[in-house]
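Dear colleague,

I am handing over the structure below, and I would be grateful if you could look through it alongside the notes that follow.

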Amino acid sequence: EDPTYSEYFKMLGLGIPIGAVKNALEKEGHDPSILDQDPEKPLEHHKAMPLCSKSVNGKKKKKENKENKKEPRRKKIFWNTVKKANTGDDSLWSIPQDSVAFDWQNVNQDEFQSLFTETSQPAGKKLSAAPKKKKKSVQVIDPQRGMNGGIILARVKTKFSVLAEMVKKMDCGVLDDTQLKALRALLPTKVERIAIEGYIKRASLSEQLEYAGKKDLCVCEKYMLSMMKVDSVDERFECMLFKYQFDDMLKGLLEDATKLIAACEEVKTSARFKELMLDILSFGNQLNAGKIISAIQCTQPKQIDDSGEGAFGFTIKTLLDLSNAKAFDKKTSVLQYLVKLVKANEPDMLKVHDEMPSIGPAENVITESLVSELKELNDQLTSVTGTAAADGRRRRQGKDSEPNETALDRLRQQKTKIKDVE
């Protein structure tokens, strides 16, 4: 409201550059730094400020102006591109890219610019908190283990001598996999084995003392003592678990593999999916280059750039990143915008799922998990085979009873089935 400076602040309000207004102030003999101050405060407040603070504020303002002159940022898709030389006739990108019917002229360019262009600086990334280290727990032999073991053994309701004979023959009997795992977990550790052997040795001074000593053992210790009489007891439990779980594990592997194979075949043969991929490629090239790139440019090897501009294709894994890439409004994702464009220009493309009915059932199938499970099954089979071979040698030497032919025959069948899956 000061009559001397009010007209200059009006000039700023009309959009005249601040440098031009300051030049006008200097020509009239006025202080141009007044424009750097708060216009709501009185002139006396500005005159009372020291010159050094004015100059410092002026320098800060110049720095801010330089920052504001930086070029606007563009949102980009950092995808893994596929070169034309690495594609075959059955590739998704084998269809001519100039056959895409997508018309970029129908896209609202103002909306495109507002969503994927920003002039402000990005907010600093928050440092993720360091993961807390898990405390290592040390397993100690104490009465608590004996009490828990007694509860588990009470549910089995089988004499320990009978259990020992079943393990020796690797015969599961009526035991399920949950009970087998629990019994295996109660096998004596090295420290427990030494402690029990020492106790029995001290009680073996006479038959009466030995009987009394064994009688005084808790239920869990009596079970451990019975299992200590079985050679390679842990490996035998592993064989029993493998025999029990094999059919279910193999069935699950075959079901998942069948789902995955069917889904892959449908993806490779879907015409709508190929055309949709080309639409996404066109959009990505438009976004990364900041201009419309024709399909002909994308097919020319000289114009294919590793940064993503003019890419010939992209890996399927890139599709997972489209929902995470956000526009500068922090609300609209690249995937949402793509759906909007396709719905407005090529609504028939939204029926792509009709050509791939197996995608849904195969959604939760992970290839790495299938390979890992098959490898685990093979490793278990190798271990079981070694245990069976060692058991066979003992039987031939007359150290054990006759072999269980049914169990051995089943092991041979399981080995054949795993080879069929591979």
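How do the residues of the lining of the largest pocket divide into nonpolar, polar and charged? In this predicted model, the lining comprises 22 nonpolar, four polar and four charged residues. The volume of the largest pocket is about 1,100 Å³, and of the 30 residues that line the pocket, Val267, Phe273, Ile316, Leu319 and Ile359 are the closest to its centre. Two or more lining residues come from each of helix 12 (233-269), helix 13 and helix 15.

Helix 15 itself runs over residues 334-345, and its 12 residues reach 16 Å from the first C-alpha to the last, close to the 16 Å expected at 1.5 Å a residue. Its buried residues include Val334, Tyr337, Leu338, Leu341 and Val342, and because these cover an arc of only 135° around the axis, they lie on the same side of helix 15. The face turned away from that buried side carries Lys343 and Ala344, which are exposed. Among the elements that cover the buried residues of helix 15 are helix 5 (109-116) and helix 13 (271-289).

Apart from neighbours within four places in sequence, lysine 274 is in contact with Ser91, Leu92, Ser94, Ile95 and Lys268.

With best regards

Notes: Residues numbered from 1 in each chain as written. Predicted model: local features only at pLDDT ≥ 70, side-chain atom pairs only at ≥ 80, totals over all residues. Heavy atoms only, no water. Helix = DSSP H or I, 4+ residues; strand = E, 2+ residues; numbered from the N terminus. Expected span 1.5 Å × (residues − 1). Buried < 20%, exposed > 50% of the residue type's maximum accessible area, 1.4 Å probe, protein only. Arc of directions from axis to C-beta. Contact = heavy atoms within 4.5 Å. 1 Å grid on protein atoms, 1.4 Å probe; cavity = no way out; pocket = protein on both sides within 12 Å on 5 of 7 lines; lining within 4 Å. Points joined across faces, edges and corners; volume = space filled by probe spheres on them. Nonpolar A, V, L, I, M, F, W, Y, C, P; charged D, E, K, R; others polar.
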